[in-house]
Amino acid sequence: MTGIFAWITIEWSVPSIGDAHIFQSEMVKMTIDELRDLYLAFFQGKGHLVVPSSSLVPVGDPTLLLTSAGMVQFKPYFTGEAVPPSPRLASCQKCFRTTDIDSVGDSKHLSFFEMLGNFSIGDYFKKEAIEWAWEFVTQVLKIPPESLWVTYYKEGDQEDLEARGYWLEATKGRLSESRIVPLGAKYNWWGPAGEEGPCGPCSEIHYSFDPEHTTIADLTGDSPRTVEIWNLVFTQFYHHRDGRRTPLPRPNIDTGMGLERTAVVLQGKRTVYEIDAFDYLIKRVEELSGRRYGQDEEADHAMRVLAEHARGVAFLIADGVTPSHEGRGYVLRRILRRAVRFGCKVGIKELFLTKLAEVVIERMGGIYPELVQSREFILKAVELEERRFGETLDTGLWFLEESIRLRNSIAKPVVQNIRNSVATEANNIIRLAGKVDTYVGDFERAARIGNASAQTLAGEMAVNAIMSKMNELTSRLWQMAQSSAPVPTPVPQPEVDGLVARVEQKVTGVSGDEVFLLYDTFGFPAELTDEIAREHGLSVDMEGFEREMERQRERARAAHKFGLHQEGKLTKAEVYEKLGLGSTRFTGYERLVEKSVVVGILVGEEPVARATAGEEAQVFLRETPFYAEMGGQVGDTGEIKAPNGSLTVVDTQVPVPGLIVHRGKVAGEISVGDPVEAQVDVERRMDIARNHTATHLLHAALRKVLGTHLRQGGSLVSPDRFRFDFSHPVALSREELGEVQRLVNGKIMENLPVRKRELPYDKAIAEGAIAFFGEKYGRMVRVVDVAEFSKELCGGTHLSATGEIGYFRIVSEQSIGSGLRRIEALTGRGAEALVEDHFDTLQSVAHTLKTSYGDLRGRVENLLEEMEKERKRALSLERELSRTVADSLITQTESVNGITVLSAKVQASSIETLREMGDRIKDRLGSGVIVLGAIVGEKPAFVAMVTPDLVAKGLHAGEISKGVAAVVGGGGGGRPEIAQAGGKDREKLDEALRSVKSLVKKRH
């Protein structure tokens, strides 16, 4: 591979800036790849170190959901927390901005895009940044100055005159002062990227497609006349979460040049969707939909959305994001489901997103190899989510569209007629309009019915009922308008206004509980509901939706209360802070026995000078070898020996940062100031260490087998076993699990060294150590390195070599949520005990079957074959017997209102046998109702049949089966001709069968 992204596999190589010919041609059409190369080559020539794009998941930065700007990976350099590899840096960063999702499809906005950037970390500042921006735009890209505008920061009496002066100097009269424009903070202040971070004034370059008619107003909105192509951010301040801004140690430059937007200019297009970053996707959408782009604006908009979201979906998944209900996973799910909806709008009926993702991978995989590396994972994740959403999309859309149709049908006539009403009629209107709540409630409840046909029927009934009332209202008002009778006294205007407002809110807006219903029942993202409703001119009560969400969260919290504040456990932070003990020095990496001093004791919630025999106490030491529960690893246990007693430590925790507490029961007496010997349970610590080191090996093995998209989602490391949660859309196959297990055990047998080091955070990341989103890392971090096979930031306790693990065994793999999997495994003594137990079981089974261990599999297979033969023989005999029984039951029929009815208890081992008996009886009867009951699998079961002639008269087997099942505490249903049912109470089988006659009487 050649070009600017050669750093991915080989040493960086770009065209020499000295090769003047590459910058000499006039502005011509340039591919997006050529523009990317040219930009980075230019700034490399200005002494910049070109660095690769970071992940869309910002590692170690919990203030930011996704990488939304080129400077995100450089934040530690701007704040002085880390030393940059060079004071001048340049990159092409993949970015994702959730704020622009709803605007995707217009001429400018993208949620996923590439940002070209040059950065100065305390090196050059405004002068050079402005000069080089002007040089690149006008001399390298050859964009005519007469098509350019420049803006700079001015807010109140604060004006960046320094930037203005440098622009005048750099442009040398080729840009008139009237096109160097001051704008406020809304347009010319940048940052921070997230809740906190670097920020400062900025200056932008805008390109005009229509220079003669462009005005300042075109620079501040979404005017089609202009496009912003360059933003120079002068990062001078740090924005804190509390709103304060403090000067940075050194001012910096953060430049962003929109790759796609600039390509629009260079390729002579008017929208980003016409350039070569999207044209191939639009063409693929045309092939899938059978529609032609450019013939219908609504279809064109949908095609643009599909093209844009296809890129975002592929890149998010390649960086390890999987669809879920929160965070980054929710963003992915939102755009993926939004794409599915727009696919429906252009008539695509089949699964299609994988086909779009494939062309994204093919086109962009050479620049971003993670797309190629994660290809199978991307396609699998997309297909699963698209298929899952497709199952509920039609139902959800039906409900929403019917709800919108309902409101659009009644909103205008109701509101207008109320406004035009007079006294007597207004009272009737108030009465009639009050029915709206009832009927809309009927309609909303209809959506909760599981059967699709029932939803349609109930929905239409509700709509028709409302429309009937509204038509009645309109008719009465029309008659009144034709009457020559005197006009009655009007209702007081405030009452009319209040009624109008209430009805308008009900019929012109989608309520919060409806949005929640769609989200909770059908999986509709709230933003999708909002978008569809707005397309139809309806408002959406998003605040009401949030209230419903909070109620759901409260219900969840009430149902699953957990936390540290439990009976017998004191965990209020202020209690510990009152002790004023400071931090505890942890020495457990180096030794498991430590001489120390007791510096504090709590019994209950009270600090005490000493604790006596039998008391549950919390003891604090000056230093301790006990590891406190953190990062998924459980706390140590052991013993603290004092001169007059001891504490049996059953748990070790960190109630407030830096402070370690030992919890346990006192023997004898232990006092503040006692010299003690703290000794960790060595055997237990080693079991934990085996599991923790194995967790790292498992993580690395999973990434090797399944792909680097995989991200850890949590873990629990205990002495007896461990569990590991990770992002992956589907269950692992038996072969994949076997490969992972063999890989881990192979690394154990290699007895690889496990190295633990303290490194600066940025150096650890540069060396390839894996960090975890949501963790807040300090300047120095601990890296656990297993011979380059695994390298993670981790503060837990580990072995010295992998061979100490002994043996690793996966015991289960399961789903714990959308896109999340969990593996539970054993190592060391636990794995050994499991193998011994399984071996003993197999030996016992072999002994019982009178065969050897080696022949056990064959013996079991032979037994299964023999059992299957016997099962088939028994079934054949049962069927033969059932025919005889069925023939004998003919004599037990009764007449109910002229209908032949047979209800009988029979012997049957399955529903199938009951059906066969019922079919034989039905054929013999010709006309009648048959209900047969039996005990199947220790529970009552029924089959009901109605002959076609009686179905035509209104009898329904499904309704009869429901009535019978109700007697035995169960349920049933089915077609008019045949249905089945089941229940719980076998003692009421006879009573249920006796109820058949009364059920037939009620229905005929």
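Modeller: Keep in mind that this is a predicted model. The sheet is an open one built from 6 strands, and reading across it you get the order β30-β31-β32-β33-β35-β34, with mixed pairing. The edges belong to β30 (894-896) and β34 (971-974); each has a single partner strand, so one side of each has no neighbour in the sheet. Going from one strand to the next, the twist averages 20°.

Now for the helix pair. Helix α8 (residues 297-318) packs with helix α9 (residues 327-345) at an angle of about 150°, and their axes are 9 Å apart. Angles over 145 degrees count as roughly antiparallel, which means that α8 is roughly antiparallel to α9. Their crossing is left-handed. On the α8 side, the residues that meet α9 include Val 305, Leu 306, His 309, Val 313 and Leu 316. Over on α9, Leu 332, Ile 335, Leu 336, Ala 339 and Phe 342 are among those meeting α8. Charged side chains take part as well, with Glu 298 from α8 and both Arg 338 and Lys 345 from α9 in the contact. Sorted by type, the residues of this contact come to 11 nonpolar, 4 polar and 3 charged.

How values were computed. Residues are numbered from 1 along each chain as its sequence is written. This is a predicted model: local features need pLDDT of at least 70, side-chain atom pairs count only at pLDDT 80 or more; totals for chains, interfaces and linings use all residues. Side-chain values use heavy atoms; hydrogens and water are left out. Axes are lines fitted to C-alpha atoms, for helices over the stretch in contact, and angles run from 0 to 180 degrees between N-to-C directions. Helices (H or I, at least four residues) and strands (E, at least two) are DSSP runs, numbered from the N terminus. Angles under 35 degrees count as roughly parallel, over 145 as roughly antiparallel, 65 to 115 as roughly perpendicular and the rest as oblique. A crossing is left-handed if the near helix is turned anticlockwise from the far one by less than a right angle, and right-handed if clockwise. Contact means heavy atoms within 4.5 Å. Two strands pair if DSSP finds at least two bridges between them.
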